[in-house]
Amino acid sequence: MRFLPPNLEDANLIVGMETSDDAGVYRINDEQAIVQSVDFFTPVVDDPYAFGQIAAANALSDIYAMGAKPLTAMNLVSFPVGKLNMDVLAKILQGGSDKIREAGAVLVGGHSIDDPEPKYGLSVTGIVHPDHVLSNAKAKPGDSLVLTKPLGVGIITTGIKRGIVSPEAEAEVIQVMSTLNKAAAEVAIAVGVHAVTDVTGFGLLGHLHEMLEASACSAEVYAEAVPVLDSVWDCIKQKAIPGGTQANRRHLEDKVEFAHDVSEELRIVLHDAITSGGLLLSVPEDRLDSLIKQLEEHRTLAAAVIGKVQKGVPGRIAVFGRA
Ligand code: CO
């Protein structure tokens, strides 16, 4: 998160706020570090059970992005008591609880407040060996960039709110958002990657920019190689573009350079502010084939090579139509 006060010095703090990483990591002893993250938001879809699943998968994702195993979770709940049926809340919590169980973690408590607008999410604590933390700060020139879920979720959920998305496309986007990044993280750990982050609110290019800045590298991205959900194009045609997506594009204007052959639609998608996106992995060339093979074996929603890390101005991204 940006605009935070600087952290107090602590020798056991392995990952703090300086590198805009996905979660904080704190060493307990030579073998164990705890990984902590918190995230909650307003409903992205109407179905309360699906919303619960998505919010939980999204919160758990930051733990996976650090190469950690989620251990415990706590519910964060805002709910308009007396205005919405309590069955709705029960379904949200059931969705969350099912995802926590799928992750192999355990729900240990939570906190709820009466609030006009419902919100749900989790604080999650995970565990990792201090020497095996995956951060966003160790990408190296020559690495390939691999993405494990398709893009377009922010645009499509905006389309759903406008009633222009088919029930099939809605089911597909719910499926994408509620899929855990567990398998992708396990493969990344087994193969050995240099850096990881998950793609969420700042969009693919925003999170890549943070990774590159933290790693003091630049990168090129091949827009046509990026996996994208089919129903995106129709939503863009009908101007269903989230405010966050447009803000991301303005924010990165002087950091991203697009080649002429990158379509306007793809430029929007690459900036799309999404919920519960995939992992973005920076993998050394000699491990790329084995990474892709194992991601495919584990049936991650995508296993696409979308660019390359390079030497150059830290944080800069050049986007080409194709490699
Ligand atoms: Co994250």
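Predicted model: local features only at pLDDT ≥ 70, side-chain atom pairs only at ≥ 80, totals over all residues.
Colleague: At what angle do helix α3 and helix α4 pack, and which word describes α3 relative to α4?

Modeller: Helix α3 covers residues 153-161 and helix α4 covers residues 167-178. Their axes lie 10 Å apart, at an angle of about 135°. Roughly antiparallel would need an angle over 145 degrees, so α3 is described relative to α4 as oblique.

Colleague: In which hand of crossing does α3 pass α4?

Modeller: The α3 side of the contact consists of Val153, Ile156, Thr157 and Ile160, which meet Glu170, Val173, Val176 and Met177 in α4. The residues of this contact divide into 6 nonpolar, 1 polar and 1 charged. The crossing of α3 past α4 is left-handed.

Colleague: How many of the residues of α3 are buried?

Modeller: Buried residues of α3 include Val153, Gly154, Ile155 and Ile156. Thr157, Thr158, Gly159 and Ile160 are also among them. The helix α3 is mostly covered, and the count of buried residues out of its 9 is 8.

Colleague: Against which helices do the buried residues of α3 pack?

Modeller: Ile160 is one of the buried residues of α3, and α3 is followed by Gly163, whose phi is positive, near 75°. The helices against which the buried residues of α3 pack are α4, α7 (232-237) and α9 (264-270).

Colleague: Within what distance do the axes of helix α1 and α4 come?

Modeller: In α1, Ala50, Gln53, Ile54 and Ala57 meet Ile174, Met177 and Ser178 of α4. The residues of that contact divide into 5 nonpolar, 2 polar and no charged. Helix α1 runs over residues 48-64; its axis and that of α4 cross at roughly 35° and come within 8 Å.

Colleague: Is Asn58 buried or exposed?

Modeller: Asn58 has its place in helix α1. Leaving aside neighbours within four places in sequence, Asn58 is in contact with Asp39, Phe41, Thr200, Thr275 and Ser276. The cut-off for buried is under 20% relative accessible area; Asn58 has 3%, so Asn58 is buried.

Colleague: How many disulfides does a search of the whole structure find?

Modeller: A disulfide is a covalent bond between the sulfur atoms of two cysteines. Cys217 counts as buried because its relative accessibility is 1%, and Cys235 counts as buried because its relative accessibility is 2%. To be a disulfide, a pair of cysteine sulfur atoms must be within 2.5 Å, and the number of disulfides found in the whole structure is 0.

Definitions and conventions:
Residues numbered from 1 in each chain as written. Heavy atoms only, no water. Axes fitted to C-alpha atoms, helices over the stretch in contact; angles between N-to-C directions. Helix = DSSP H or I, 4+ residues; strand = E, 2+ residues; numbered from the N terminus. Parallel < 35°, antiparallel > 145°, perpendicular 65-115°, else oblique. Left-handed = near helix turned anticlockwise from the far one by under 90°. Contact = heavy atoms within 4.5 Å. Nonpolar A, V, L, I, M, F, W, Y, C, P; charged D, E, K, R; others polar. Buried < 20%, exposed > 50% of the residue type's maximum accessible area, 1.4 Å probe, protein only.
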